[in-house]
Amino acid sequence: MLSSFKTADQFTSGSGFWPSPFTDSGYIDAFTQVRLHEYVANTLLYAVGGTTGALTVALLAAYPLARYRFRGSGSITAAFSLALAVPLVGLATPEFFIMRELGLFNSRPGMVIFYAALMFPLSFVVLRSFLASLPPELEEAAHVDGAGYFAILRTIVLPLSRPALATVAVVSFVLIWNEFFFANLLTVSQRNQNVQLALAGFKSQFGSNVTGSLAGATLVMIVPVILFLLLQRQVIAGLTAGATK
Amino acid sequence: MVASRVPPGMARPVAVSIAPGAILFTVFFLAPFAVLIGSSFASWGGLDFTFTGWDNYQTMVQDPVFWKAVRNTLFYSAVSIVIQVPFGVVVGIILSQKLPGWRTFRTVIFVPFVISGAAYALVYAAFYNSRYGLLNQTLSVVGAGGKDWLYDTSTARSAVAATFAFIIGFTVILVMAEIASIPRELYEAAETDGASLLQQHLRITLPLLRNVIGTCILVRLLGDIGMFDVVFILTSGGPNDSTVTLALYAYRAYLDGAWGYANAVGTTILLIGLILIVTVRRAFRIGERAL
């Protein structure tokens with residue numbers, strides 16, 4: 001058993017272990033009985049919305065904190081970065097409580113906002129260190145020419161940050177796609193749940209429908225795997241930057 | 001570059017720019033943190049909220065299941081430190097030799113890292129299945145097997161640990177990136193002095209990897225402390241709580257509506273995390289340059 005990925009492959013393709021008629025029905029079960037596509041739509045919304053939100057908010061905060069030194073700038077940066085090291089499962093009940101008080105519990109917009117917040121520290125840390133390494137001359141020239149802060153941010157900083165943004169976007173998308181704990185904690189209706197919860201449902205709903213659950217697992221794992229194979233450089237750069245900065 | 005002062009007239013837009021981040025941070029990190037600590041000293045479930053001092057913590061340390069959760073969480077952490085990270089470091093060093101096919105191999109090793117815990121859990125549930133599972137089918141060829149791996153208190157915990165022990169992609173990537181930054185001259189000098197390949201790696205590579213190894217251990221430990229989805233799906237903490245983790249233990253209390261108690265456990269998780277971070281950073285002198 002060198003890598004478990006191979007085991008997954010052997011299981012789903014090696015139909016020799018089970019009576020062969022069942023192998024195809026697993027995939028049909030995944031869509032007809034569990035309605036996996038509906039969970040996929042939610043998960044895409046959470047991953048794309050959460051990533052976009054986190055990147056926007058993080059870039060807005062990372063730029064001034066990378067460029068300027070002012071009273072409290074050091075503590076704000078330290079606080080935002082420290083959030084990356086907190087084992088968040090410890091905060092389960094408070095997060096539930098706050099989401100409920102804000103009316104965001106068990107709602108799709110609520111989950112998008114929550115995932116944006118969850119991905120904010122990582123995005124912030126990577127973007128800030130990237131922006132700090134950029135020379136400020138272009139921005140200074142634009143400032144002298146009379147461009148305002150947000151104009152500089154949009155026309156100069158945003159295009160220059162593209163490589164870092166792409167990196168964080170891929171990693172953040174995969175992390176939200178794979179997220180289980182808070183999805184389980186903060187959604188109750190099936191129509192708001194993500195694919196990871198659909199997988200857990202496979203196990204309890206079908207009991208012993210092994211092929212059905214393996215078909216589901218394959219479909220759910222295929223998205224981040226393909227994304228990784230296509231954007232290997234970004235994923236690797238993003239993880240390296242996130243871990244060492 | 002050195003950060004400069006905020007130019008005149010920019011103070012307002014800078015504040016506006018940081019505000020959304022500050023709001024997210026306050027609402028989803030700072031406020032929950034305050035709720036966590038505060039309510040860990042209270043009996044809290046739904047609408048009732050009464051401060052009870054250290055009661056939750058006292059109940060916690062007297063509960064044998066809590067100590068099982070602590071022991072299991074530490075066991076999973078130990079598997080990370082003793083198997084997962086060292087294995088990843090060795091593979092990373094080997095792949096850095098750039099033998100033919102190393103790129104493909106790196107990709108294959110990294111793929112499991114992007115697969116979710118839930119998907120893994122399902123694959124392993126099938127793998128460990130006592131009747132149809134690949135493990136018992138294989139073992140039966142040599143006349144062994146027949147065990148119900150996940151439902152047997154003597155094997156369940158190791159069976160769970162085996163699901164993540166060999167996911168080494170993250171360590172491999174970081175190790176390879178760090179090795180790429182080591183000057184080749186160091187190895188050439190060692191080679192002219194007659195050092196073997198093994199000696200070169202023991203004397204040059206490993207010491208220079210200190211920072212990265214520390215980082216990998218830290219990231220893994222933070223993951224282990226929060227370990228939830230694989231255990232939740234595979235065993236729900238059973239049999240007889242032999243696989244339960246701290247995160248799962250806290251989650252059970254939350255489900256029971258014992259929120260104050262759940263938060264005492266949550267505070268403990270954060271505290272253990274803090275201690276581990278400080279210890280590992282000290283031990284590996286993370287942040288100081290290696291050269």
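**Close-up views of a two-chain predicted model**

**View 1. Chain A is built from helices.** From the N terminus on, the elements of chain A read α-α-α-α-α-α-α-α-α-α-α-α-α. The model is predicted. The secondary structure of chain A amounts to 13 helices and 0 strands. Chain A has 245 residues, and 56% of them count as buried. Its accessible surface is about 10,200 Å². Carbon and sulfur atoms account for 65% of that surface.

**View 2. Ala237(A) sits in helix H13 of chain A.** Helix H13 of chain A covers residues 232-244, and Ala237(A) lies in this helix. Is Ala237(A) buried or exposed, or partly exposed? Ala237(A) counts as partly exposed, because its relative accessibility is 36%. Gln190(A) is 47 residues from Ala237(A) in sequence. In space, the C-alpha atoms of Ala237(A) and Gln190(A) are 35 Å apart.

**View 3. Chain B meets chain A.** The contact involves 76 residues of chain B and 82 residues of chain A. The size of an interface is often given as the accessible area lost when the parts come together. For chain B and chain A, about 7,100 Å² is buried between them. Of this buried area, 79% is on carbon and sulfur atoms. How many salt bridges does the rule find across the interface of chain B and chain A? The rule finds 0 there. Over all chains, the count is 4 salt bridges.

**View 4. Arg100(A) and Glu101(A) pair through their side chains.** Side chains of opposite charge can pair when their charged atoms come close. Arg100(A) and Glu101(A) form a salt bridge, with an N to O distance of 3.3 Å. Arg100(A) is partly exposed, because its relative accessibility is 34%. Glu101(A) is exposed, with a relative accessible area of 53%.

**View 5. Asp224(B) and Arg220(B) form a salt bridge within one helix.** The closest N and O atoms of Asp224(B) and Arg220(B) are 2.8 Å apart. Both residues lie in helix H11 of chain B, which covers residues 210-225. They are 4 residues apart, so about one helical turn separates them. Asp224(B) is buried, at 0% relative accessibility. Arg220(B) is partly exposed, with a relative accessible area of 22%.

**View 6. Asp241(B) and Arg252(B) form a salt bridge between a loop and a helix.** The closest N and O atoms of this salt bridge, between Asp241(B) and Arg252(B), are 3.0 Å apart. Asp241(B) lies in the loop between helix H12 (229-234) and helix H13 (246-255) of chain B, and Arg252(B) lies in helix H13 of chain B, so the pair ties together parts 11 residues apart in sequence. Asp241(B) is buried, with a relative accessible area of 18%. That value is under the 20% cut-off for buried residues. Arg252(B) is partly exposed, at 27% relative accessible area.

View 7. Strand S1 (residues 42-45) and strand S2 (residues 48-51) of chain B run antiparallel. They are joined by 4 bridges. Which residue of S2(B) is the bridge partner of Trp44(B)? The partner is Phe49(B). The hairpin of S1(B) and S2(B) has 2 residues between the strands. In this hairpin, Gly46(B) takes a positive phi near 65°.

**View 8. Thr268(B) is buried in helix H14 of chain B.** Helix H14 of chain B spans residues 259-283 and includes Thr268(B). The relative accessibility of Thr268(B) is 14%, so Thr268(B) counts as buried. Which residues does Thr268(B) contact, leaving aside its neighbours within four places in sequence? They are Tyr57(B), Met60(B) and Phe66(B).

**View 9. A nonpolar patch lies on the surface of chain B.** The patch is formed by Ile81(B), Val82(B), Ile83(B), Phe87(B) and Phe166(B). Together these residues have about 400 Å² of accessible area. One of them, Ile83(B), is placed in helix H3 of chain B, residues 64-96. Ile83(B) counts as partly exposed, because its relative accessibility is 35%.

Key
Residues are numbered from 1 along each chain as its sequence is written. Chains are lettered from A and ligands numbered from 1 in the order in which they are written. This is a predicted model: local features need pLDDT of at least 70, side-chain atom pairs count only at pLDDT 80 or more; totals for chains, interfaces and linings use all residues. Side-chain values use heavy atoms; hydrogens and water are left out. Patches are made of residues with over 30% relative accessible area and no salt bridge: like charges are joined within 9 Å, nonpolar side chains (Val, Leu, Ile, Met, Phe, Trp, Tyr) within 5 Å. Accessible areas come from the Shrake-Rupley method with a 1.4 Å probe; for residues, only the protein chains shown count as cover. Buried means under 20% relative accessible area, exposed over 50%, partly exposed in between (1.4 Å probe, protein chains only). Two strands pair if DSSP finds at least two bridges between them. Contact means heavy atoms within 4.5 Å. Buried area is the accessible area (1.4 Å probe) that two parts lose on being put together, summed over both.
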